[in-house]
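Me: I have a model open and would like to go through a few features of it. Can we take it topic by topic?

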Amino acid sequence: LAQAIWYEATAALLASPQPFVRCLSADFASDSFAMAPRSAPRSRAVAPGLLVLAALAASLVYLGSLGPAYSVKGAWQGQPSTLKDTVKGDFGSVMEGLEPKVSFPPIAYHREGVALSVEDGRLNADYTAKLDGDTMLQLRVNDEQEWRASLQGEDASLRVRGQGADLDSLSWEAAQSSSVEDVGDVKVEFNSDKEYNLTVVREMLARIAGAELDAKVRATNAGVTGRLGARRELPGGVEASYSVENPVGVYDLASSTHRGRLSAAVAGGEAVLQVEGDASSQAYEGSYARDLQGGRAGVRLSHRDGALGYNVSYARDFDGVLDGDAGVHIGIDEAGVYGKVTASREVGQGLGADYEASARFEIGEDRRLQLQHALKLSNKLGYAQLAHGSGEAPRLRVGYEFN
C-alpha cells in the first residue's frame, strides 16, 4: 500500500510540481493557516502536496514494519521504601536507573557486491565477489583500519586479518576438507601461529557381530587422540553403545575414558543406564522418564566421586486447562524437597500479569526453608515487578522498553 501511494504521489508531483511548492510556501507563511477557508483552485493545488505527505507517512510505516529502527529502555530496582523519597520530591535514585538507554540497529547499503554499514558506532566497508564456480571473496575494512579477508570454496577456506599496512599484525588460518575412499572424511586446519589439526572421521568403520563400529582420530601439536565406538540394537528394543577415547598426547590405556550406554522402552517410558570413567574413577547413572497425567515424571539415580545422588520429579503445564498459562514442577533430590509454580494471564487493556513462586526445604543439618516469589505487571511500554524471598527485603523493579 505504501509503495502504491508513493508511486501515485511521485507521479502527481512530477506532473504539477509548481502548485505544490506554492501551496507549501503560502501555507507556512500565512498567519491564518489553520482557520482560512479553502477555495476550489487552492484545494486542487494542495492535493498533490497532501498526497506526497501521506505517501511519506505511509512509507515510514512500511519501512518501520520491516524491523525496529531503534530501541529505548531503562530500569530501576530497589526496596519499596526508597519510593518514600519521591514523595518528598527526591527523584534522584529512581531517575538515574530510568534514564533512557538508546540502542540503534545496524544501518547498511548494498549494491552489486559493495556494502557500507554502521554497526556498534563503527563504519564498515564490505566487498564481495564470486571468483569462480564455488569460490567467494569477501573483504571488510572499518574506520579504524582493521580489515579481514576470506576466500571460501566448497572444500577449502582461507581467512586473513590485519591492521592497516602493519605486516606484524597479519594473521591467517586455512582449512581444507575432503572425503578419501577407504579412509574417511579428512579435514586439515592450520594457521599463522603454526598450530594445526588433522582430523579423520570414519562413521562406518566395520560391522562385526551385528555391531557398527566408528572411529575418529585427531592429530595436533600436542599429540594424537583417538576414539573408537560401537553401537548395536539388541533384542527387546534395547540399544547399546560403547566408546573408548584417549586424552590428547596420552597413550596409556588406563587413562582412556570409557563410556557405555543402554537404553530401552519400558512401560510407556524410556529407561537409560550410563557408565563413564577411566581406571581411577567411574561414574554411574540410571534414569527413567515417562508421560503421566498430562505431565512428565522422571527418576534419576547416580553415583559419582563417591557420592550418591538422586532426583524424583514431576512437571506439568496447565496451558488451556486454566484461564491463562500455568505450570508446576515438584521433586525431591539429595539436597531436599523443592517445587515451583508459574502462572500468567492477560488482565485487560493490554496489561499482563506473571507470577512465579519457588520453594526448597533442605534436609541436611541446616533444615531450612527457602521461599521466593515474584509478581510482575507489564504492557507493551513498561513493567513493574515486586519480588520477595526468605531472609531478604522486598525488591521493586520498574522499567520500560519500546522501539
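Me: Start with the second largest pocket. By class, how many nonpolar, polar and charged residues are in its lining?

Reply: This is a predicted model, to begin with. The lining of the second largest pocket has eight charged residues, five polar and five nonpolar.

Me: Which residues lie nearest the centre of the second largest pocket?

Reply: R259, G260, R261, Q274 and V275 lie nearest its centre, out of 18 lining residues. Strands β13 (223-234), β14 (238-245), β15 (257-266), β16 (269-277) and β17 (282-292) each give two or more residues to that lining.

Me: Where does the largest share of that lining come from?

Reply: From β13, which supplies four residues.

Me: And what is the volume of the second largest pocket?

Reply: About 250 Å³.

Me: OK, now the largest pocket. How much space lies in it?

Reply: About 300 Å³. It is lined by 18 residues, and R148, A149, S150, R159 and R161 are the closest to its centre. The elements giving two or more residues to this lining are β5 (122-130), β6 (136-142), β7 (146-152), β8 (156-163) and β9 (166-180).

Me: What does the lining of the largest pocket have by class?

Reply: Seven charged, six polar and five nonpolar residues.

Me: Let's stay around β5. Is N124 buried or exposed?

Reply: N124 sits in strand β5. Its relative accessibility is 5%, and the cut-off for buried is under 20%, so N124 counts as buried.

Me: What does N124 touch, leaving out residues up to four places away in sequence?

Reply: N124 touches A115, L116, S117 and E119, and also R140, V141 and N142.

Me: Where is A209, then?

Reply: In the loop between β11 (196-208) and β12 (211-220). A209 has a relative accessibility of 62%, and exposed means over 50%, so A209 counts as exposed.

Me: And what about A267, what is its phi?

Reply: Phi of A267 is near 50°, again a positive value in a residue other than glycine. A267 is in the loop between β15 and β16. It has a relative accessible area of 58%, so A267 is exposed.

Me: Moving on to the hairpins. In which sense do β21 and β22 pair, and over how many bridges?

Reply: Strand β21 (residues 336-348) and strand β22 (residues 351-362) pair in the antiparallel sense, over 12 bridges. Within that pairing, G339 has A359 in β22 as its bridge partner.

Me: How many residues are between β21 and β22 in the hairpin?

Reply: Two residues. Q349 is in the turn and has a positive phi of about 55°.

Me: What does β22 do with β23?

Reply: β22 and strand β23 (residues 369-378) pair in the antiparallel sense over 10 bridges.

Me: How many residues are between the strands in the hairpin of β22 and β23, and which residue takes a positive phi?

Reply: Six residues are between the strands, and R367 takes a positive phi near 50°.

Me: Good, that covers my list.

Technical notes: Residues numbered from 1 in each chain as written. Predicted model: local features only at pLDDT ≥ 70, side-chain atom pairs only at ≥ 80, totals over all residues. Heavy atoms only, no water. 1 Å grid on protein atoms, 1.4 Å probe; cavity = no way out; pocket = protein on both sides within 12 Å on 5 of 7 lines; lining within 4 Å. Points joined across faces, edges and corners; volume = space filled by probe spheres on them. Nonpolar A, V, L, I, M, F, W, Y, C, P; charged D, E, K, R; others polar. Pairing = 2+ DSSP bridges. Buried < 20%, exposed > 50% of the residue type's maximum accessible area, 1.4 Å probe, protein only. Contact = heavy atoms within 4.5 Å.
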